[in-house]
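Here's a quick tour for anyone meeting this structure for the first time. Have a look at it before reading on.

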Amino acid sequence: MDKLIDINAYPVKDTLKILLQDKSTKKNIIWATDIYSEYGPGFNDKNQIKLSLFNGMNAFKLRPRISKTLEEQQERTRKKAEVMTPVWLCNKMNNYADEQWFGRKDVFNHENDDNTWTVNEEKIVFDGKRTWKKYVDSRRLEITCGEAPYLVSRYDTTTGELIVPPIRRIGFLDRKLRIVNENTATEVEWLKWAERAIQSCYGYEYQGDNLLIARINVLLSFYEYFTERWEHEPEMKTLTRIANIISWNIWQMDGLKDTVPLGKPYEENHQMSLFELLEFEDETTQSQEKTEEAIPCKIYDWRSNTSMLFMDCKKKG
């Protein structure tokens, strides 16, 4: 299970700096949880998740929920209502969404009575109105995405079991990448539509460690589909471009406020002077109700090539 998410393995280690970016604050994503505060400086809830934390002998090891102790899992459930959805339920819900889109059932797989599924291995058929390109471009959003099991299903989040080969995967990006596989003939065309598939998939999450895992899962899914299809690794410039899309589309947000969790993050490498510390304590004593600066979250519309506030996007419907 420790190899489900390996920070120090290619291609994650080579794109981690990008995957840590927060496009709304132009800094790094933050922990947004105090579960790691016992690790010392740099691990408080408002601290940015720094690249340096993953280097050296005492490097922080990022672990998916299934690799955490039962006590850790229960604490996260109690504090943040964190619950991981089993893959069979993700499949059922994504199947329902596709039934509405295609106008028919069992497009990608048939659900069995024992919560398994049988893959439809025939090429997916589209009618004249519903083309494969429209399916790839159709926008999908996973709210409070955790490790993004609805978006990509590299493994079952409740068992840690890897799902192989990729055609068995059931996330909505997995389905789009299967469609790209079935309808493109050259690597250039495949890359164009795989990139568009990722551009059309969104998700947001509150806790920084979950968010980083979700981003890594999307990157590794792209990498695994690419290497399976073309039998070589994608170029670094391709991975960099994909990582940048991911850092826009899978973003950190308080879903109740449409803002970055906990307000403005701590400045990186900033240490308070004695004067600043005394001033901070005095201000805290005088006004316990003082709120932190709220930063609205930004997302990107890749078709119009513009960024926008998520709250404005919701108003437009």
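What follows covers a helix pair, some aromatic rings and a few backbone details.

## Ground rules

This is a predicted model, so local features need pLDDT of at least 70 and side-chain atom pairs count only at pLDDT 80 or more, while totals for chains, interfaces and linings use all residues. Residues are numbered from 1 along each chain as its sequence is written, and side-chain values use heavy atoms, with hydrogens and water left out.

## Two helices packing

Helix α7 (residues 208–230) and helix α8 (residues 236–249) pack at about 145°, with axes 10 Å apart. Here axes are lines fitted to C-alpha atoms over the stretch in contact, and angles run from 0 to 180 degrees between N-to-C directions. Helices are DSSP runs of H or I with at least four residues, strands are E runs of at least two, and both are numbered from the N terminus.

Who touches whom? On the α7 side it's R215, V218, L219, F222 and Y223, meeting T238, L239, I242, I246 and S247 in α8. Contact means heavy atoms within 4.5 Å.

## A lysine over a ring

K176 lies over the face of Y135, 5.5 Å from the ring centre. To count, NZ of Lys or CZ of Arg must be within 6 Å of the ring centre and within 35 degrees of the ring normal.

## Backbone details

Two peptide bonds are worth a look: Y10 to P11 is cis, with omega near 5°, and V164 to P165 is cis, with omega near -5°. P11 sits in the segment before α1 (12–19), and P165 in the loop between β5 (140–142) and α5 (172–183).
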